[in-house]
Amino acid sequence: MSILALPAQAEDLVPYEITGDGIPASLTGSPGDAARGRALVLARTTTCILCHSGPFPETRFQGDLAPDLSGAGNRWTASQLRLRLIDAARFNPDTIMPSYYRNDGLVRVGRNFAGKPILSAAEIEDIVAFLAALRD
């Protein structure tokens, strides 16, 4: 099954194709940078560490609302990780995880993010590269 996802009011978003349970193609056309992805995962302002924990011994006060990110690369493919970051509600409509690369059909959106995605295509790819490299 293949679905082309192109939000109606998203001229600034790169179109992507969902195949099965993932998005196989990079949003940027190239792999992300895992080091930048790690920094984004640990950024408390917008991303992962607020809800997730992981193999980050230097980081205090990691989240405990969501699955541990340790071994994420063993549990999910890059394609699956990409879709989870873009729109986690496709897997669980009741999720509290934000859709990091959408700007339509969202509720409870902060003023700073209204009408635009939380992360850029490059940032999504950087986080995917980092999470895919987390192996047990």
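Residues here are called buried under 20% relative accessible area, exposed over 50%, and partly exposed in between, using a 1.4 Å probe and protein chains only.

## About the model

This is a predicted model, in which local features need pLDDT of at least 70 and side-chain atom pairs count only at pLDDT 80 or more, while totals for chains, interfaces and linings use all residues. Residues are numbered from 1 along each chain as its sequence is written, and side-chain values use heavy atoms, with hydrogens and water left out.

## Overall fold and dimensions

Let's begin with the layout. The protein has 4 helices and 2 strands, where helices (H or I, at least four residues) and strands (E, at least two) are DSSP runs numbered from the N terminus. Along the sequence they come in the order β-β-α-α-α-α.

Contact means heavy atoms within 4.5 Å, and among contacts between residues at least 6 apart in sequence, 49% join residues at least 24 apart.

## Surface and burial

Of the 136 residues, 38% count as buried. The protein exposes about 7700 Å², with carbon and sulfur atoms supplying 55% of that area; accessible areas come from the Shrake-Rupley method with a 1.4 Å probe, and for residues only the protein chains shown count as cover.

## A mostly covered helix

Helix α3 is worth a visit in the viewer. It spans residues 78-87 and is mostly covered, with 8 of its 10 residues buried. The buried set is Ser-79, Gln-80, Leu-81, Arg-82, Leu-83, Leu-85, Ile-86 and Asp-87. The partners against which the buried residues of α3 pack are β2 (16-19), α2 (72-75) and α4 (121-133).

## The cysteines

How many disulfides does a search of the whole structure find? The search finds 0, a disulfide being a pair of cysteine sulfur atoms within 2.5 Å. Cys-48 is in no disulfide, and the nearest cysteine sulfur, that of Cys-51, is 9.1 Å away. Cys-51 is likewise in no disulfide, its nearest cysteine sulfur being that of Cys-48 at 9.1 Å.
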